[in-house]
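Try each task before you read its solution.

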Amino acid sequence: MNQSLNPAVSCRGLRKQYWMGGQPVHALRGVDLEIAERQMVLLSGPSGCGKTTLISIIAGVLDADDGDCQIRGRSWAAARPAERTRRRGVEIGFVFQSFQLIAALTAVENVSLPLLLNGAGRRDAEKRAAAMLHRVGLGDRLNNLPKQLSGGQQQRVAIARALVHDPQIIVCDEPTSALDAENGRLVMQLLRELVTSDGKTLIVVTHDSRVFGFADRIVTLNDGQIVADQVQTPVENPS
Ligand SMILES: Nc1ncnc2c1ncn2[C@@H]1O[C@H](COP(=O)(O)OP(=O)(O)OP(=O)(O)O)[C@@H](O)[C@H]1O
Ligand SMILES: [Mg+2]
């Protein structure tokens with residue numbers, strides 16, 4: 001199969017419900033979403049509308065109850081567990097809403113992890129991790145533990161960890177929520193560059209209107225459904 005003919009992401013009829021105290025919570029109520037390669041898509045909408053649920057299914061870390069999600073023409077549902085784990089580790093970068101750094105590991109060790117899991121040697125992994133930390137402006141914090149970093153610095157470590165293994169598809173859950181204006185712009189410029197120069201595909205969940213101008217497309221969710229889908233010309237340096 002020629003993967004270049006496939007969209008980066010193709011979701012069809014996604015449904016997901018959770019159970020809380022015996023009651024169903026309908027997080028996704030039939031979502032269709034297609035994202036071309038080299039697009040930067042912002043996913044917006046009120047708290048609880050299903051954004052994290054949707055990107056978790058796209059990233060292969062959560063199963064939908066119904067519907068299908070394909071990454072470059074290959075379905076998550078059809079993949080066996082070992083294949084799924086391997087694909088997640090190679091194809092996907094995930095910046096979690098709550099950072100999910102490992103408290104006992106330094107910044108450079110946290111960022112090295114995806115490379116070590118993919119079979120890299122420690123020295124090589126730490127060299128690449130250090131280079132990525134430099135890129136997010138943390139070259140002078142390599143050996144700090146998460147608790148020795150500010151919230152915004154921890155967020156940038158989480159971003160470096162999502163990018164270090166050079167994944168084709170990058171999913172970010174509120175990547176600028178803990179960042180001040182300057183660091184927020186630095187991170188968004190880096191993410192934009194990954195799309196424009198490196199040909200990556202990005203899906204960024206955000207409430208932060210400062211970052212809207214960086215995107216090619218803004219998709220709005222409400223109560224588990226897509227209610228707006230707007231294509232725009234990105235501005236490289238929105239003020
Ligand atoms: N593990 C869970 N168990 C039960 N309900 C859940 C669970 N995870 C999410 N939900 C519910 O599903 C709905 C969608 O949640 P989700 O986390 O996808 O929303 P969100 O758009 O990312 O919100 P936020 O902007 O606050 O991060 C919400 O009503 C939430 O309470
Ligand atoms: Mg969320």
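**Exercise 1. Overall build**

What percentage of the 239 residues in the protein is buried?

Solution. Start with the source. This is a predicted model: local features need pLDDT of at least 70, side-chain atom pairs count only at pLDDT 80 or more, and totals for chains, interfaces and linings use all residues. Residues are numbered from 1 along each chain as its sequence is written, while chains are lettered from A and ligands numbered from 1 in the order in which they are written.

Next, the criterion. A residue is buried if 20 or more other C-beta atoms lie within 10 Å of its own, exposed if 12 or fewer, and partly exposed in between, with C-beta atoms placed from the backbone. Buried residues make up 41% of the 239.

Now count elements. Helices (H or I, at least four residues) and strands (E, at least two) are DSSP runs, numbered from the N terminus. The protein has six helices and 10 strands. Its radius of gyration, taken over C-alpha atoms, is 17 Å, close to the 18 Å of the globule rule, so the protein is as compact as a globular protein of that length. That rule is 2.2 Å times the number of residues to the power 0.38.

**Exercise 2. Around Leu 133**

Is Leu 133 buried or exposed?

Solution. Locate Leu 133: helix α4. Count its C-beta neighbours inside 10 Å: there are 25, so Leu 133 counts as buried. List its contacts, leaving aside neighbours within four places in sequence: Ala 107, Val 108, Val 111, Leu 138, Gly 139, Leu 142 and Ala 160. Take Ala 107: 26 residues away in sequence, 8.1 Å away in space, C-alpha to C-alpha.

Turn to helix α3 (residues 107-117). Its buried residues include Ala 107, Val 108 and Val 111. Their cover includes α2 (81-91), α4 (122-135) and α5 (151-163).

Terms used:
Contact = placed C-beta atoms within 7 Å.
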